[in-house]
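Colleague: I have the sequence and the model open. Can you take me through some of the charged pairs and the strands around them?

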Amino acid sequence: MAGLLGLLLAWLGGWGCAGRLASPWGGERPLPRARRSWVWNQFFVIEEYAGPEPVLIGRLHTDADRGENRIKYVLSGEGAGTVFVIDEHTGNIHVTKTLDREEKAQYTLLAQALDRASGRPLEPPSEFIIKVQDINDNPPVFPQGPYHATVPEMSNVGTSVIQVTAHDADDPTYGNSAKLVYTVVEGLPFFSVDPQTASSWMGRPGMCDGPTMCPFPSQGVVRTAVPNMDREVQPELRVVIQAKDMGGHAGGLSGSVTVTVTLSDVNDNPPRFPQSSYEFSVPETTVPGAAVGRVRALDPDEGPNAQLSYRLLDGGAAGPFTIRTDARGQDGVLTLTQPLDFETRRSYSFRVEASNTQLDPQHLRHGPFKDVATVRVAVEDADEPPAFARPAYRLALPEDSPPGALVGQVSAADPDVPGSPIRYSIAPHSDPDGFFHIGPQDGAIRIARGLDREARAWHNLTVLAAQLDSPSQASPVPVAIEALDVNDNAPQLAPDYEPFVCASTAPGQLIQTIRALDPDEDGATRVSIRAVPGPGPTDITVRDNKDGTAALVLGARGLRRTGSGPLLVYGYEGAGSPCGSLSPLGSACGDSPGDDPARDPGDDPDDDWGPLFRTLAELYGSHEGGTRP
């Protein structure tokens with residue numbers, strides 16, 4: 001069949017082409033170029049076109065069509081019969097609905113010419129493509145907006161803040177529908193945005209299905225435009241970025257997004273005291289360690305950049321005060337370190353320095369990062385109790401001192417100005433037996449009744465000093481009084497000594513060790529013991545041991561029975577001491593009077609001494625009729 005069905009393909013660029021058709025009789029041969037009889041009203045379909053009737057987009061025609069209505073034109077493929085319809089008599093192709101390039105960018109169809117009577121193809125089917133031409137019907141959008149960004153205050157000009165991304169669904173390969181330009185519409189002069197960026201373009205493999213045009217994001221970098229953005233003046237700024245297609249020209253569509261920019265803090269502000277001097281007052285009775293007052297330097301920075309440290313510049317002038325930084329690093333706390341005395345010093349004046357603990361080398365030009373203020377502390381007078389001249393008193397007097405004797409004197413004064421007269425008293429609980437009394441005006445302590453060191457050596461008193469005009473203001477002081485020993489007790493032999501000796505006792509043998517007791521202080525070391533000269537046995541020797549004891553030793557001739565008197569032992573305290581005592585020693589012997597039958601018990605001088613006071617001398621005295629063993 002010599003007819004040729006030619007299909008002119010309409011592209012967005014407005015060019016067409018003719019296909020090579022296969023012969024229905026087999027083989028393939030180049031078809032001779034024939035006169036075109038196709039009539040095309042348009043070469044493409046414009047998206048979003050909405051007319052009152054279906055729009056004619058092209059016409060199919062073959063030379064075999066002589067106008068005899070023998071040819072039937074058939075259209076198949078994507079959208080055939082729904083989106084695109086063909087007049088089977090004339091070959092005119094119409095689009096029946098509004099198309100959206102962003103939904104489908106092109107359609108592939110098959111055109112055929114058939115014999116109406118037999119339905120036999122007059123030519124092989126020919127494939128062609130109808131493309132939907134883009135119009136600028138999609139504004140740019142920011143799918144990730146709104147944005148939030150942070151940038152340090154005082155950043156240099158051009159510092160990158162954030163990158164915003166806009167999408168335009170229009171065809172980036174046709175015209176400028178997807179060519180975006182960024183501008184700052186709100187936030188000048190603080191910020192700028194890079195205006196020219198890569199525009200959207202044909203989807204890369206894997207990004208979209210088929211040949212559909214896919215939006216490709218273009219990006220705008222927001223930057224700082226001024227060097228002195230100050231967080232302390234405005235911590236947060238609002239920036240509105242606009243993306244406009246058509247290269248930013250008039251008629252282009254636009255979209256905008258908000259970027260909230262927070263300025264982060266840097267240490268660019270030194271601390272400053274809000275006033276040059278501070279005044280505090282503190283009672284003189286304030287205890288050391290108590291807080292006197294607080295000072296605060298103001299630093300508009302925040303966090304670690306606002307941490308402060310305080311110190312005293314005039315250590316000597318500060319006297320009993322020191323300063324420390326509180327746990328938050330904001331306040332300087334003045335603290336008392338020593339007791340105050342209004343009567344000695346009434347005020348103190350010194351300087352306090354506040355400084356940042358952390359410095360930023362990039363912003364040292366804003367320094368120095370410290371400040372100084374003057375502090376004056378006034379000491380307030382308080383009604384203080386009397387103060388004794390000494391913290392404690394220790395007094396002493398002999399134990400034999402008579403009542404009324406002066407023990408000693410205490411002294412107290414009112415530290416206030418003017419001072420109040422003082423009245424003294426002894427706390428009753430400290431002297432329940434009333435051994436002492438005190439002069440209420442002069443503080444003289446005297447004996448009220450006799451003392452005995454051997455009964456009580458120490459008396460611990462509590463003396464009170466009170467203000468005459470304010471008795472509740474009173475102070476106590478301990479007073480220890482010692483009763484000094486005097487030699488007022490004679491030594492005494494320890495009781496219950498009953499020494500005895502037998503006739504068989506060898507000369508020089510120890511008969512008994514005796515001890516003298518003296519209750520006075522160190523009395524035992526002062527006591528000497530010796531026999532009284534005169535009546536008594538001559539063969540019994542008293543040997544002083546120099547330690548308050550003595551040894552009774554049998555003489556060298558042994559025992560002899562004599563008629564001598566009892567043995568008297570004399571204890572004295574040193575040569576010429578008036579304090580002495582005579583003590584008779586009782587005695588006993590292992591022999592009984594019945595041992596000597598010639599002896600008359602009634603004539604025995606031992607009977608005159610009694611059972612407890614037989615002297616050793618009489619134990620060896622001679623009797624007519626016999627001797628004791």
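Modeller: Start with Lys72 and Glu88, whose side chains meet in a salt bridge (3.9 Å, N to O). A salt bridge here is a side-chain nitrogen of Lys or Arg within 4 Å of a carboxyl oxygen of Asp or Glu. This is a predicted model: local features need pLDDT of at least 70, side-chain atom pairs count only at pLDDT 80 or more, and totals for chains, interfaces and linings use all residues. Residues are numbered from 1 along each chain as its sequence is written, and side-chain values use heavy atoms, with hydrogens and water left out.

Colleague: How many residues apart in sequence are the parts that Lys72 and Glu88 tie together?

Modeller: Lys72 lies in strand S3. Glu88 sits in the loop between strand S4 (84-86) and strand S5 (92-95). Strands are DSSP runs (E, at least two residues), numbered from the N terminus. So the pair ties together parts whose separation in sequence is 16 residues.

Colleague: Is Lys72 buried, partly exposed or exposed?

Modeller: Buried means under 20% relative accessible area, exposed over 50%, partly exposed in between (1.4 Å probe, protein chains only). Lys72 has a relative accessible area of 31%, so Lys72 is partly exposed.

Colleague: Which residue in S6 is the bridge partner of Leu75?

Modeller: S3 and S6 (residues 106-115) pair in the antiparallel sense over seven bridges. In S6, the bridge partner of Leu75 is Ala111.

Colleague: How far apart are the closest N and O atoms of Arg296 and Asp331?

Modeller: Arg296 and Asp331 belong to a network of salt bridges that also links Arg294, Asp326 and Arg328. Arg296 is partly exposed at 34% relative accessible area, whereas Asp331 is buried at 8%. In their salt bridge, the closest N and O atoms are apart by 2.4 Å.

Colleague: Asp299 is buried yet has no salt bridge. Which side chain makes a polar contact with the Asp299 side chain?

Modeller: The nearest side chain of opposite charge, Arg231, is 7.1 Å away (Lys and Arg count as positive, Asp and Glu as negative; His and the chain ends are not counted). A polar contact is a pair of N or O atoms within 3.5 Å; within protein, one must be able to donate a hydrogen and the other to accept it, and residues adjacent in sequence count only if both atoms are side-chain atoms. At 2.8 Å, the side-chain partner of Asp299 is Asn356.

Methods: Two strands pair if DSSP finds at least two bridges between them. Helices (H or I, at least four residues) and strands (E, at least two) are DSSP runs, numbered from the N terminus.
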